[in-house]
Amino acid sequence: MGYTLSFSNTDNFGFNNGDWLILLAALIRGFQIFMFGKQTSGKSYSLVNITLVELVTVSVLGLAFVLMTDTASLRLIPTITFDVWGYILFLSLLATAFAFLMQLYAANITSPTRVGLILSLEPAFAALFAVAIMGETIGILQGFGGAIIVCAALLGRIVEGKRYE
C-alpha cells in the first residue's frame, strides 16, 4: 500500500535507503505495539520506566551504528553550535521521549490495535505536512498511496469497533 508513496513525480518506482528504513521501522514498531499489549495486559507497570528502557535501547543501538559505520562523525561533536544542541534537545525530549511515553499511555488506555492504526497514518501525515509546509509536490500515484493508507486505517478502525460491540 504505502509503497506507492515511493514513486517519483516521473512515476518511476524505486526504493531508496530511506524507504527501506521506514519499512523496517514500521515492522519493528508494529511488533513492539503487539508485544506491549500482549505482555502488559492486566499488569501494573511504570510507563516512565518502560520509556527509559526504550530510550536507552535506542541510544545504545544508535551509538553502536555510528561506531560501526562512521566514527569520523564523532569528531564533529565539539563543533556543534548552541542552537543545534537546542534542536537536538528538543528532538530528544519531545519528538522521541515524550512521543514514546504518549504512545505507551495511549496503548494503556485503548487497544494496541487502535494505536497501531493511528501510527500507520504517519507516512500519510508526513506527506501532507511536506506539501503544506515545505511546498513539496505529490503525484497521482503518491496521492493514491496516501489515500490507501488512510482508507486502510479507517477500515481497520471500523472492524475493530465491530469486534468490541
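Visitor: Which residues is Thr51 in contact with, leaving aside its neighbours within four places in sequence?
Guide: Thr51 is in contact with Ala97, Phe100, Leu101 and Leu104. Contact here means heavy atoms within 4.5 Å.

Visitor: Before I go on, what kind of model is this, and how are the residues numbered?
Guide: This is a predicted model, in which local features need pLDDT of at least 70 and side-chain atom pairs count only at pLDDT 80 or more, while totals for chains, interfaces and linings use all residues. Residues are numbered from 1 along each chain as its sequence is written, and side-chain values use heavy atoms, with hydrogens and water left out.

Visitor: What is the mean pLDDT of the protein chain?
Guide: The mean is 80, and 89% of the residues reach 70 or more. The term pLDDT denotes the predictor's confidence in each residue, from 0 to 100.

Visitor: Which backbone oxygen lies 2.8 Å from a polar atom of its side chain?
Guide: That backbone oxygen belongs to Leu47.

Visitor: What does Ala107 touch, not counting residues up to four places away in sequence?
Guide: Ala107 touches Phe36 and Val115.

Visitor: How many helices and strands are there?
Guide: The protein chain has 6 helices and 0 strands. Helices (H or I, at least four residues) and strands (E, at least two) are DSSP runs, numbered from the N terminus.

Visitor: Which residues of α1 are buried, and what covers them?
Guide: The buried residues of α1 are Gln32, Ile33, Phe36, Gly37 and Thr40. Their cover includes α2, α3 and α4.

Visitor: What span should α1 have?
Guide: At 1.5 Å a residue, its 24 residues should span 34 Å, and the end C-alpha atoms are 34 Å apart, which agrees. The expected span is 1.5 Å times one less than the number of residues. Just after α1, Gly42 takes a positive phi of about 75°.

Visitor: And what about α5?
Guide: Helix α5 (residues 122-134) has 13 residues and should span 18 Å; its end C-alpha atoms are 17 Å apart, which agrees. Gly135 follows α5 with a positive phi near 75°.

Visitor: In the loop between α3 and α4, is Ser111 buried or exposed?
Guide: Ser111 counts as buried, at 10% relative accessibility. Its C-alpha atom is separated by 9.3 Å from that of Glu160, 49 residues apart along the chain.

Visitor: What does Thr110 count as?
Guide: Thr110, in the loop between α3 and α4, counts as partly exposed, at 23% relative accessibility. The C-alpha atoms of Thr110 and Gly37, 73 residues apart along the chain, are separated by 9.8 Å.

Methods:
A polar contact is a pair of N or O atoms within 3.5 Å; within protein, one must be able to donate a hydrogen and the other to accept it, and residues adjacent in sequence count only if both atoms are side-chain atoms. Buried means under 20% relative accessible area, exposed over 50%, partly exposed in between (1.4 Å probe, protein chains only).
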